[in-house]
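Please look at the sequence and the structure shown here before reading on.

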Amino acid sequence: IMINIIVAIDKNNAIGKNGDMPWHISTDLKYFKATTMGAAVLMGRRTWQSLGCRPLPKRRNIIVSSTLKEAQGAEITPNLEEFIKNWPKEETLFIIGGGEIYKSTINLADKLYITYVNCEVEGADTFFPHIDESVWLKVEESEKIVDEGSNLEIVFTQYQRK
């Protein structure tokens with residue numbers, strides 16, 4: 001099974017604030033799009049709502065929710081563990097958030113795509129789980145990139161399960 005997690009985190013593993021991403025980094029958004037294009041993306045209900053309840057184009061959109069009954073352009077699964085257990089091994093799946101979904105899937109993932117954002121988000125309320133170096137091996141790391149629009153420094157990193 002190829003289960004990937006993709007996320008941007010600050011120095012304290014913050015990923016969200018008030019139900020939204022705490023930054024707008026176009027370099028990272030382009031990377032996210034290029035990396036997940038053509039694959040399936042799995043997200044929680046709040047992440048779906050933060051996308052304006054619109055599916056990401058050219059990707060199979062799956063929402064984990066026990067309360068949503070329908071979502072145009074997306075599938076809904078009430079049971080995350082069951083869904084992942086039955087995921088076809090040859091298909092790539094990207095977990096795209098949010099916090100609770102990351103927490104539930106980090107132990108099931110094969111690979112992490114982490115964008116490190118060189119900042120500390122004031123008042124962040126959603127965090128990515130700790131990346132345990134005894135479980136994860138860093139296999140790729142980009143140079144530091146300064147995003148023009150936000151002026152934030154980012155590093156694209158990939159980890160593989162040891």
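This is a predicted model: local features need pLDDT of at least 70, side-chain atom pairs count only at pLDDT 80 or more; totals for chains, interfaces and linings use all residues.

## Strand E7 and its partners

Strand E7, which runs over residues 111–117, pairs with strand E1 (residues 2–9) in the parallel sense, and 6 bridges join the two. With strand E11, made up of residues 153–161, E7 pairs in the antiparallel sense over 7 bridges, and there Tyr-113 stands opposite Gln-158 of E11.

The strand is also mostly covered, since 6 of the 7 residues in E7 are buried.

Trp-23 belongs to the loop that lies between strand E2 (14–16) and helix H1 (26–36). Trp-23 counts as buried because its relative accessibility is 10%, and buried means under 20%.

Apart from its neighbours within four places in sequence, Trp-23 is in contact with Ala-8, Ile-9, Asp-10, Ala-14, Val-117, Cys-119, Val-121 and Leu-152. Although Trp-23 and Ser-150 are 127 residues apart along the chain, their C-alpha atoms are separated by 7.8 Å.

## Cysteines

A disulfide is a covalent bond that links the sulfur atoms of two cysteines. The structure holds 0 disulfides.

Cys-119, which is among the contacts of Trp-23, counts as buried because its relative accessibility is 16%, whereas Cys-53 counts as partly exposed because its relative accessibility is 39%.

Methods. Residues are numbered from 1 along each chain as its sequence is written. Side-chain values use heavy atoms; hydrogens and water are left out. Buried means under 20% relative accessible area, exposed over 50%, partly exposed in between (1.4 Å probe, protein chains only). Helices (H or I, at least four residues) and strands (E, at least two) are DSSP runs, numbered from the N terminus. Two strands pair if DSSP finds at least two bridges between them. A disulfide is a pair of cysteine sulfur atoms within 2.5 Å. Contact means heavy atoms within 4.5 Å.
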